[in-house]
Amino acid sequence: MAEAYIVDAVRTAGGKRGGKLAGWHPVDMAASVLDAIVERTGIDGAAVDDVIMGCVMQGGQQAGQVGRNAVLAAKNLPDSVPAVSIDRQCGSSQQAMQFAAQAVMSGTQDVVIAAGVESMTRVPMGTTATLFMKEGLGNYKSPLLEEKYPGLLFSQFMGAEMIVRKHGFTREQLDTFAVESHRRAAAATERGAFDKEILALDVETPDGVISHRTDEGIRADATLESIGSVRLLQEGGNITAANASQICDGASAVMIVSERALKEHGLTPLARIVNLTVTGGDPVIMLEEPLFATDRALQRSGMKIADIDLYEVNEAFAPVPLAWLKHTGADHARLNVNGGAIALGHPLGASGTKLMATLVHALHTSGGRYGLQTMCEGGGIANVTIIERL
């Protein structure tokens with residue numbers, strides 16, 4: 001089977017809910033990262049075979065096939081470039097990346113942009129699920145789904161609390177992990193670790209136009225006391241807004257090409273795709289699936305966790321990466337070395353290619369060879385992507 005290569009990866013800096021990116025229409029945010037990745041690679045936009053756009057809340061300003069609309073809004077892509085929008089919950093753009101790699105590895109396409117966008121300010125989480133419900137959340141499940149899972153409303157918050165109880169974590173452990181995420185993100189920003197991956201966007205403010213190039217949610221002054229003072233989301237639980245991912249606006253993109261495209265367009269690869277894995281498991285605890293998906297990815301690639309130099313495990317909730325570390329025996333020092341979604345934000349459909357932008361650039365900075373990315377997803381699904389730095 002043919003190889004697939006990453007030639008560039010870019011993301012916007014995260015924007016807080018109602019923050020600096022709130023004035024950006026999600027289509028325009030997505031178009032901006034598409035334009036940037038075409039410009040950065042120097043490829044003719046007409047050579048792009050497809051755009052696969054991850055987006056979870058495909059309603060409101062993200063309705064009407066947001067991926068295609070982003071292509072039409074882009075300056076560096078002609079109307080002849082097709083696009084599709086996909087939803088695999090939080091793993092939407094990671095799955096977009098895996099679909100792109102599969103297209104290239106199959107030989108059916110040579111240049112594919114995987115991307116993601118989410119304006120959680122303009123299209124709040126959950127709005128598409130409740131838009132047409134007239135009698136409350138009880139109508140969310142179909143009769144057949146209710147028959148299999150009677151009385152259960154699938155909840156990621158409930159899943160996170162279940163992981164806490166199953167693995168015996170304490171509130172202090174979760175909060176300590178959250179503080180470390182902020183500290184790592186602040187240190188990474190200070191040393192310019194994100195400079196190569198971030199696309200600055202102009203933002204209008206009362207004082208004039210500014211360039212948004214720094215992740216807005218980082219709390220450099222976070223302490224265990226300040227994180228620990230945040231109220232619980234559920235009485236008797238352990239999850240708070242401070243030890244969970246931040247609501248975030250953002251967009252990101254990764255260009256994946258074949259060996260033929262490397263030669264034809266004079267492109268320089270940053271990484272090679274080593275393994276693509278996606279698994280499904282328990283839809284109730286749901287967020288634990290990255291543990292088992294990682295097992296399968298390592299087995300299929302003939303690797304051990306010690307072979308991986310850097311890991312990006314999405315910090316949807318602190319117990320997820322903590323459980324992943326416990327299960328895999330991975331080195332905490334290699335995990336989310338530049339901080340994670342607790343500090344940097346989790347723009348749902350954009351997070352997959354966002355994490356890849358961070359991972360591939362971090363591998364080049366550190367000199368590491370292999371990187372692994374995974375994230376939990378609604379419904380008990382998890383994607384794992386392993387890459388080799390070139």
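Select Glu 259 and Lys 263: the two are 4 residues apart in helix H9 (residues 259–265), so about one helical turn separates them. Helices here are DSSP runs of H or I with at least four residues, strands are runs of E with at least two, and both are numbered from the N terminus. An α-helix has 3.6 residues a turn, so residues three or four places apart point the same way. Glu 259 forms a salt bridge with Lys 263, and the closest N and O atoms are 3.9 Å apart. The term salt bridge stands for a side-chain nitrogen of Lys or Arg within 4 Å of a carboxyl oxygen of Asp or Glu. Colour the pair by accessibility: Glu 259 is partly exposed at 41% relative accessibility, and Lys 263 is exposed, with a relative accessible area of 65%. Buried means under 20% relative accessible area, exposed means over 50%, and partly exposed lies in between (1.4 Å probe, protein chains only).

Before moving on, note that the model is predicted: local features need pLDDT of at least 70, side-chain atom pairs count only at pLDDT 80 or more, and totals for chains, interfaces and linings use all residues. Residues are numbered from 1 along each chain as its sequence is written, and side-chain values use heavy atoms, with hydrogens and water left out.

**Arg 11 and its partners**

The structure holds 12 salt bridges. Go next to Arg 11 and show its side chain together with that of Glu 197; they meet in a salt bridge of 2.7 Å, N to O. This pair links distant parts of the chain, 186 residues apart: Glu 197 is in the loop between H7 and strand S6 (198–199), and Arg 11 is in strand S1 (residues 5–12). Glu 197 is buried, with a relative accessible area of 0%, and Arg 11 is buried, also with a relative accessible area of 0%.

Now show Phe 194. Arg 11 lies over the face of Phe 194, at 4.9 Å from the ring centre. A charge sits over a ring if NZ of Lys or CZ of Arg is within 6 Å of the ring centre and within 35 degrees of the ring normal. Another such case is Lys 326 over the face of Phe 169, at 5.9 Å from the ring centre.

To see a salt-bridge network, select Glu 3, Arg 272, Arg 369 and Glu 388, which are linked in one.

**Helix H7**

Select residues 171–190. At 1.5 Å a residue, the 20 residues of helix H7 should span 28 Å, and its end C-alpha atoms are 29 Å apart, which agrees. The expected span is 1.5 Å times one less than the number of residues. Buried residues of H7 include Leu 174, Phe 177, Val 179 and His 182. Show what covers the buried residues: the cover includes helix H6 (156–167), helix H8 (224–228), helix H11 (319–328) and helix H12 (341–344). Just after H7, Gly 192 takes a positive phi of about 80 degrees.

**Strand S8**

Move to Ser 211, which is in strand S8 (residues 208–212). Ser 211 is partly exposed, at 36% relative accessibility. Leaving aside neighbours within four places in sequence, Ser 211 is in contact (heavy atoms within 4.5 Å) with Ala 200, Leu 201 and Asp 202.

**An aromatic pair**

The structure holds 3 aromatic pairs. One of them is Tyr 149 with Phe 154, edge-to-face, at 5.3 Å centre to centre and 75 degrees between the planes. Rings of Phe, Tyr and Trp (its six-membered ring) pair if their centres lie within 6.5 Å; planes under 30 degrees apart count as stacked, over 60 as edge-to-face and the rest as tilted. Tyr 149 is partly exposed, with a relative accessible area of 23%, and Phe 154 is partly exposed at 24%.

**Two glutamines**

Finish with Gln 65, in the loop between strand S3 (50–54) and helix H2 (66–73). Gln 65 has a positive phi of about 65 degrees although it is not a glycine. Then select Gln 89, in the loop between strand S4 (83–86) and helix H3 (92–106); its phi is also positive, about 55 degrees, and Gln 89 is not a glycine.
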